[in-house]
Amino acid sequence: MKNWPLEAFTKVKTPFYFYDMDMLNEHITIASNAAIKYNYSIHYAIKANHHFRVLKEMKNAGFGVDCVSENELLEALNAGFSPSKILLAGVGKTDNEIRLAISHSIKAIHVESLEELEVINELAIELATCAQVALRINPNVNAYTHPSITTGLNENKFGISLNKINDLIALVKNLSHIKIIGLHFHIGSQIEDLSVFKTLSLKVNEVWSFFISAGFKLAYLNLGGGLGVDYYSPDNSLPPFEKYFSVFNEFLNVGHETKIHFELGRSLVAHSGNLISKVLYVKKGDEKDFLILDAGMTDLMRPALYQSYHQINNLSSKEEDHIYDIVGPICESSDTFATKRSLPKASRYNLVAIRSAGAYGQVMSSNYNLRPSPKALFSDDLLFSESLQTELKLVI
Ligand code: LLP
């Protein structure tokens, strides 16, 4: 919370997201340097946070971008990413999304099924061109993360099963307008046990050589994202980018000429984003005390959806600690940010920060109860833009 403009926070309508741009840029730079060391490329997974300011920083760092929808693709183009650095993934792409990707000649469409590959071929014929694709293979490797964000097991809907590879090879021979440039793997998100990436690398080596011996000319390998962050330590913990890349460097064996890509989302943006909220009521319950905030699950879904931990700080109180359940105003008991959390004793209108919310936070907000979408403030805007502060003047 170094250099946070707390005085400015009191003038802004809550809840809002506050992005620490120094931290964002520090994490981007460290990730970028770690990747460059091994000649790896990073494609930012835009789904983690699509704010234009964030996209600009990713582009300035020289990253490509990984999109999963028509609007993400358009926003990436709008932010100035070259089509040659744009990927399109997703298990259920619409015809329009595929057409858009083909007509912009993006780097690759990541194909998730044989059925999809046939559709892409048909649409490429319609557009009288050839579609450049990478095959997303489901390696059946356990990521040992939350089941809702595990994607690389046979039971998951993602990627082409290893059991279908022979059918795939037979099918490809009949597709005239498809160019296969490589393979894609992504086994999940918030992966903290890095040994999982060793298991993935060894599996990738096997699959890669199978395709090469079947006559495929592959020059592109994408290993997804997935690097986890330490939600318990938002201020002092850097995601272990160096260790992450070094595991792949040690165990991958796919030939030196292969260009290796990663699609990092969370690890680049999580720690720099914070949901800033106000205490509406300190409610004494029968069994516990509640801090009722003006932010709810509509502003940050992660705790309700995955029971995820986020550190929470009271920015206004230095009193001794007290135990609270920290909840939002919405009529669901799942609208709970934390239970039995120890925080400095709170009172009405105290400002509270819910930390490490930069990834899958603001972008997953909803308008349930007709609640407005939370706004974003950036550390450099807040310090310098008077007009922005006026526009967002606080009235509770
Ligand atoms: N590539 C693909 C194909 C993905 O599906 C994802 C994330 C990424 C890259 C980026 O993964 P990351 O580096 O961020 O782990 N809403 C959930 C996370 C969903 C992740 C979905 N896929 C959450 O809040 O934890």
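Predicted model: local features only at pLDDT ≥ 70, side-chain atom pairs only at ≥ 80, totals over all residues.
Which residues in H2 meet residues in H3?

1. Residues are numbered from 1 along each chain as its sequence is written, and side-chain values use heavy atoms, with hydrogens and water left out.

2. Met21, Leu24, Asn25 and Ile28 in H2 meet Arg53, Val54, Glu57 and Met58 in H3 (contact means heavy atoms within 4.5 Å).

3. The axes of helix H2 (residues 21-37) and helix H3 (residues 52-60) come within 10 Å and cross at roughly 35 degrees. Axes are lines fitted to C-alpha atoms over the stretch in contact, with angles from 0 to 180 degrees between N-to-C directions. Helices (H or I, at least four residues) and strands (E, at least two) are DSSP runs, numbered from the N terminus.

4. Around the ligand there are 19 residues, of which Ser189, Glu263, Arg302, Tyr306 and Tyr360 come nearest (a residue counts if one of its heavy atoms lies within 4 Å). A polar side-chain atom of Glu263 lies 2.6 Å from a ligand nitrogen atom. In the side chain of Tyr306, an N or O atom is 2.8 Å from a nitrogen atom of the ligand.

5. Thr14 and Pro15 are joined by a cis peptide bond, with omega about -5 degrees. Pro15 lies in the loop between helix H1 (6-9) and strand E1 (16-19).

6. Asn140, although not a glycine, has a positive phi of about 55 degrees.

Conventions
Polar contact = N/O pair within 3.5 Å; in protein donor to acceptor, adjacent residues only side chain to side chain.
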